[in-house]
Amino acid sequence: MPKEPNTPRRKPQQRHVADLSLRLRTLIIVAVFIIFGFGLLIYQLYVLQLRDAEQYRIQATEQQLSDEWIPATRGSIYSSTGKLLAKSTVVWNIIANPSKCNQDYVEQASQKISELLGGTPTAEQIQAELSRTDKEYRVIATGVDMVTAQAVIDYANTERVTNGLPEGDENAKKEKVLSMYKEASSTREYPCGSFLSSVLGFCGSDGSGIYGLEKSYEEELSGTPGRTISSENAWGYELANEESDTHDPINGSNLHLTIDDNIQSVLETELSKAIEDYNVQNRGSAIVMNVKTGAIYGMATQPQFDPNDPYAITESKLQAILDNAGSALSAEEISTLQSRLGQDNVADLIADGVIGTEPRTEVQDDGTEKEISSEKVALQGMIREAQWKNKAVTELYYPGSVFKLMTAAAALDSGLMDAGQQFYCGGSLTVFEGTEWEHTYRCAEGSTHGWLDMAGALNESCNLYFIQAAEKMNPDFFYNYYQAFGLTQTTGIDLPFEAKGISKTQKEMEDVVTDLYSSAFGQSQKLTLIQMATAVAATVNGGYLVTPYVVDYMTDDTGNVVWQAEPEIRRQVVSEEVSEQIRVMMENNVGSNINDTTHKCRNAYVAGYRIGGKSGTGEQLDWKGVYKYRPDGDYRKAISFAAILPADDPEILVLVMLDDPRWIYDYASQIVAPVTGNIISQIAPYLGIERDSSYDATGTVKVPNLIGTRWTSAQVQLNAAGLSHRFVDSSDGDVIYQYPAGGTEVPAGSTVYCYTQSATDQTATVPDAVGKTGTFAVQMLKSAGINAGVSGDPSARVLFQDVEAGTTVPLGTVVTLTTGEAQSTDPAQEEAMDAAAEESPESSKGA
């Protein structure tokens, strides 16, 4: 057996040294850990108490305090007569903190909360939200009324037994198992629907303004939110007996407009009718403005949208195109899209003749492809944007011959010409013959006007006269006045997205001199309707360029006026003497006799009023390809008419424009002048504009015979006679029946009912006018479709009416009211008569 080697044994001293070394190393390691631990602790204390002390203080405060914002109520918007146009209603949102909800009770609670909310959202939807324990903020319901919201919160705050003991047991532990609260919010309402919507605009889902006045006055309308700060426990519930610190919100200011809802109603009605009658493709717009102050009394764009549902498409033709997406577009549909949305804007969408319904791909800068919306979705967005636009402020058009007013005023003011300056019109004029600028101009329809002075040229709307006037000018001269009229910049109206206009610059007119000539008669620049309104106003109000505005003043929520608009005169463009000359020429255009064919704007005449006017038929020269022309081969046109009254000292301007009409005629003097006359016939009496001495408002008028007359001519004749008109079945075609009949003597201002489809009278029931004042009774009968004459003092009470109340008569029947002092002295009967007369204030205005 082999012998094991000897193993050396340590001596005791060696073992002792080794043990000491081990203990020393252990102590060193422990000391290092202790030092490291203390260092870490010291560092953490440094972080907590010094470096990040403020941050942790804020976090602690946030955990201990509830900081709730109190939204301010958005200001309301009113017309100048006090009609409510926009208002905000306070509603409540129900908010939950699922991370602090006891999940054992969520299913049961969801069912009850859904019941309290009327079934919307469902119990399943609520349970899904409350079960998201990783979330601290979930919206359970929005737009809830105060009573319902409080009922939900009261239920959520009800304490429940959570330890399984009976309800009455003294050891039962009761706790709140849901963490829910309500947040104040608001909803914006527009009580009048689409009325004035292009001016009002609308608000987005967050309550801020997106378009119109809602956007331009966002800061003033929105106000300043308040705050409530209170202490809460670890579960997020407010601590009892703790005071809260509340800062009340400052509600938004209310806007009071210069726009009169009665005038606005007339504009929208007449504009809508004209768009339908004349098959206008790209909407129409109209403005009524105080020429001296710039206050806007009416601004209409038709058709409009409903701000209560702004994403709904209101134009049926455009909605039909969307509904038929995926099918081949017809030529008419392509033309509609190009006219309404712009040729360049829709070029890609209509390139293959079909509006696609499938998502598309788009190549990015890095070469990768990205999926984008379908052509249908893109088109839908474009249509919505287009219908929200205020055409009078954001869209451009060629003003045509209305612009000749500014050219004439500039020539007179500079002394370059006088009103007696004559030029010859031979029907055509070639300029710069034999040069690169050679161009032949022609008067409309090949007219030959012969020798004309300035008044004659404005009346005949002679292009060749103003081309020859431009030959006496130079680009520098013309452009200086063009700038002075404010046409190279926006007007500054208090509405958003105002377009600047596209105009030939001085340099461009120097490089291509024919641009100067085309500019002189309104065919080289594109402007907005509001730019033209302010420029025309400056030619007739004494020469002063004013800033237009639509907000008159603002009030706080207690009714105190906090801001008042002040009319702003930017500069004087032409002298008062020149302004007077322009007014005289404009009045000559309209005249005072509808049968005098020498007055080319006579279709705008309304009996008794001194009206000045100028028509403009602008050719849309920037249209491309086959759709540049109408089916008859003529250019597409934007036609307009500017009227002022009274012509000797103007108070208001009425400017109407129809974009791309498709009718048998397309000249402004034939289409827009009658529309303007219809507007004036209603708003001039309402505004109290005096008629001249030749008109007897209390007298009688002989009704003209309209049978066989085209409806456009019929309305012109009635305006000129001082009579109102209504087309009963359709304003299209010739008049085949009328009531009252031609030759009948009726009270001035009576309404003649015209029929173009049927010769059968439509009827009305005669109201009881006895006991009413004569003035009120006349309005009451007129509202019922019946004409009335007063025998006696109109301010006295009606004693007798010659057609018994309750009788059925044809629309337009004349009822004679006899007024005088009542014979009865019975106080009760007198009181009843007073109450009847005061059913509607006589002094209130009505258009």
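## Basis of the model

A polar contact is a pair of N or O atoms within 3.5 Å; within protein, one must be able to donate a hydrogen and the other to accept it, and residues adjacent in sequence count only if both atoms are side-chain atoms. This is a predicted model, in which local features need pLDDT of at least 70 and side-chain atom pairs count only at pLDDT 80 or more, while totals for chains, interfaces and linings use all residues. Residues are numbered from 1 along each chain as its sequence is written, and side-chain values use heavy atoms, with hydrogens and water left out.

## Surroundings of Q738

The side chain of Q738 reaches two backbone oxygens: that of P704 at 3.2 Å and that of P740 at 3.1 Å. Q738 is buried, at 4% relative accessible area (buried: under 20%; exposed: over 50%; partly exposed: in between; 1.4 Å probe, protein chains only).

Beyond its neighbours within four places in sequence, Q738 is in contact with residues including V703, L706 and Y753 (contact: heavy atoms within 4.5 Å).

## Aromatic pairs

Rings of Phe, Tyr and Trp (its six-membered ring) pair if their centres lie within 6.5 Å; planes under 30 degrees apart count as stacked, over 60 as edge-to-face and the rest as tilted. The count comes to 24 aromatic pairs. One of them, Y479 with Y482, is stacked, at 6.3 Å centre to centre and 15° between the planes. Y479 is buried at 15% relative accessible area, and Y482 is buried at 4%.

W663 and Y665 form an edge-to-face pair, with 5.7 Å between centres and 70° between planes. W663 is buried at 13% relative accessibility, whereas Y665 is partly exposed at 42%.
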